[in-house]
Amino acid sequence: LGRHNEALVLQREVYARDVAISGASHQDAILSGLNLSNSLNTLGLSDEATLLLRDQLLPVARQSLGPDHNLTLSLGRNLVAALNNNRERTRDDLRLNQRAAAARLFLISTQVTTCSKPRQSFRT
């Protein structure tokens, strides 16, 4: 419906409530932070999204969920999107972008490897 500004207000409230109730390292709070970062990116607020992701969400997610958890990787992808939209990004930001892309490729390759099981032939 295109009511992104209203959604952003609600996303901020949900994230703040989840952090207050469950703590910043709880999976629900990290997920609502991911949703907030999506809204920030959608509205072109890449500076705010970058700060939220880089300084708050990603460090907590890496510590509490681990670097290979789907939420942690999704946060990394959102940070990449925010950095790509930010014209003032630095070389360090670009290196972080490269590490996130490498982590995503690693995850995809491990998922393909673990999902590939040899076919069993059934003989009658």
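Helices α2 and α4 pack at an angle of about 20°, with their axes 10 Å apart; here axes are lines fitted to C-alpha atoms, for helices over the stretch in contact, and angles run from 0 to 180 degrees between N-to-C directions. That makes α2 roughly parallel to α4, given that angles under 35 degrees count as roughly parallel, over 145 as roughly antiparallel, 65 to 115 as roughly perpendicular and the rest as oblique. The crossing of α2 with α4 is left-handed, a label used if the near helix is turned anticlockwise from the far one by less than a right angle (right-handed if clockwise). On the α2 side, the residues involved are Gln27, Ile30, Leu31, Leu34, Ser37, Asn38 and Asn41, and they meet Leu71, Ser74, Leu75, Asn78, Ala81 and Ala82 in α4. Sorted by class, this contact of α2 with α4 has seven nonpolar, six polar and no charged residues. In that sorting, Ala, Val, Leu, Ile, Met, Phe, Trp, Tyr, Cys and Pro count as nonpolar, Asp, Glu, Lys and Arg as charged, and the others, Gly among them, as polar.

A word on where this comes from: the model is predicted, local features need pLDDT of at least 70, and side-chain atom pairs count only at pLDDT 80 or more, while totals for chains, interfaces and linings use all residues. Residues are numbered from 1 along each chain as its sequence is written, and side-chain values use heavy atoms, with hydrogens and water left out.

Stepping back, the protein chain has five helices and zero strands (DSSP runs, numbered from the N terminus: H or I of at least four residues for helices, E of at least two for strands). Of the 124 residues in the chain, 31% are buried, meaning under 20% relative accessible area, with exposed over 50% and partly exposed in between (1.4 Å probe, protein chains only). Among contacts with a separation of 6 or more, 58% join residues 24 or more positions apart; a contact means heavy atoms within 4.5 Å.

Next comes helix α3 (residues 46-64), which packs with α2 at an angle of about 160°, their axes 10 Å apart. The two are therefore roughly antiparallel to each other, and their crossing is left-handed. The contact of α2 with α3 has ten nonpolar, five polar and one charged residues. Among the α2 residues taking part are Ile30, Leu34, Ser37 and Asn41, and the α3 residues include Ser46, Ala49 and Leu53.

Helix α3 also packs with α4 (residues 70-85), at an angle of about 155° and with the axes 9 Å apart. That makes α3 roughly antiparallel to α4, again in a left-handed crossing. By class, the contact of α3 with α4 has nine nonpolar, six polar and two charged residues. Ser46, Ala49 and Leu53 are among the α3 residues here, and the α4 side includes Leu75, Asn78 and Ala82.

Asn41 is worth a look of its own. It sits in helix α2 (residues 27-42) and is buried, with a relative accessible area of 14%. Leaving out residues up to four places away in sequence, Asn41 touches Ser46, Ala49, Asn78, Ala81 and Ala82.

Beyond its neighbours within four places in sequence, Ala29 is in contact with Tyr15, Asp18, Val19, Gly23 and Ala24. The C-alpha atoms of Ala29 and Ala16 are separated by 8.2 Å, and the two residues are 13 residues apart along the chain.
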